[in-house]
Amino acid sequence: MAELFRPELRRPTILILLANVTFSLGYWGLFAWLPTILVDRGISFLNTLLYIAIGAIAEYPGYLAAAYLEEKKSLGRKWVMAIFLAASGAATFWLAYSFTFNDVMAAIIILSFFNLGAWGCLGRVAA
């Protein structure tokens with residue numbers, strides 16, 4: 001563990017730790033509170049579970065797309081992560097201001113896809 005905080009590794013170690021904490025808090029915070037948020041908007045609790053399940057399914061193509069863009073298209077982790085983070089940020093705002101079934105569902109799918117794709121890039125950086 002001490003090796004990770006040697007002078008030449010200190011900065012990347014701290015950045016990766018901060019990114020992991022931020023991803024974890026953002027992802028788990030969103031999906032833990034999502035049913036409550038959607039119920040407050042008048043969406044039934046059972047439908048919120050459906051939204052979360054469909055969002056979880058959308059995560060896997062996000063991982064695959066990020067890996068494909070990194071490796072096959074040679075965009076590199078930094079560019080793919082930046083693109084996926086920007087898209088997940090936009091989807092978060094879209095979700096925050098969505099009240100119709102179609103808007104909520106689309107925002108959750110896009111958010112899940114890009115957020116977990118970005119998280120996959122981060123995992124590869126740490127590996």
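Buried is under 20% relative accessible area, exposed is over 50%, and partly exposed is in between, with a 1.4 Å probe and protein chains only.

A quick word on what you're looking at. This is a predicted model, where local features need pLDDT of at least 70 and side-chain atom pairs count only at pLDDT 80 or more, while totals for chains, interfaces and linings use all residues. Residues are numbered from 1 along each chain as its sequence is written, and side-chain values use heavy atoms, with hydrogens and water left out.

Overall, the protein chain has 4 helices and 0 strands; helices are DSSP runs of H or I with at least four residues, strands are E runs of at least two, and both are numbered from the N terminus. The C-alpha trace spans about 50 × 30 × 20 Å along its principal axes. Of the 127 residues, 31% are buried.

Back to Tyr51. Leaving out residues up to four places away in sequence, Tyr51 touches Leu38, Ile43, Phe101, Val104, Met105 and Ile108, where contact means heavy atoms within 4.5 Å.

Now, how do H2 and H3 meet? The axes of helix H2 (residues 45-71) and helix H3 (residues 76-96) come within 9 Å and cross at roughly 140°. Those axes are lines fitted to C-alpha atoms, over the stretch in contact for helices, and angles run from 0 to 180 degrees between N-to-C directions. At the contact, Gly62, Ala65, Ala66, Leu69 and Glu70 in H2 meet Gly76, Arg77, Val80 and Phe84 in H3. Those residues divide into 5 nonpolar, 2 polar and 2 charged; here Ala, Val, Leu, Ile, Met, Phe, Trp, Tyr, Cys and Pro count as nonpolar, Asp, Glu, Lys and Arg as charged, and the others, Gly among them, as polar.

One last stop, also in H3: Ser88. Is Ser88 buried or exposed? Buried, with a relative accessible area of 8%. Not counting residues up to four places away in sequence, Ser88 touches Leu111, Phe114 and Asn115.
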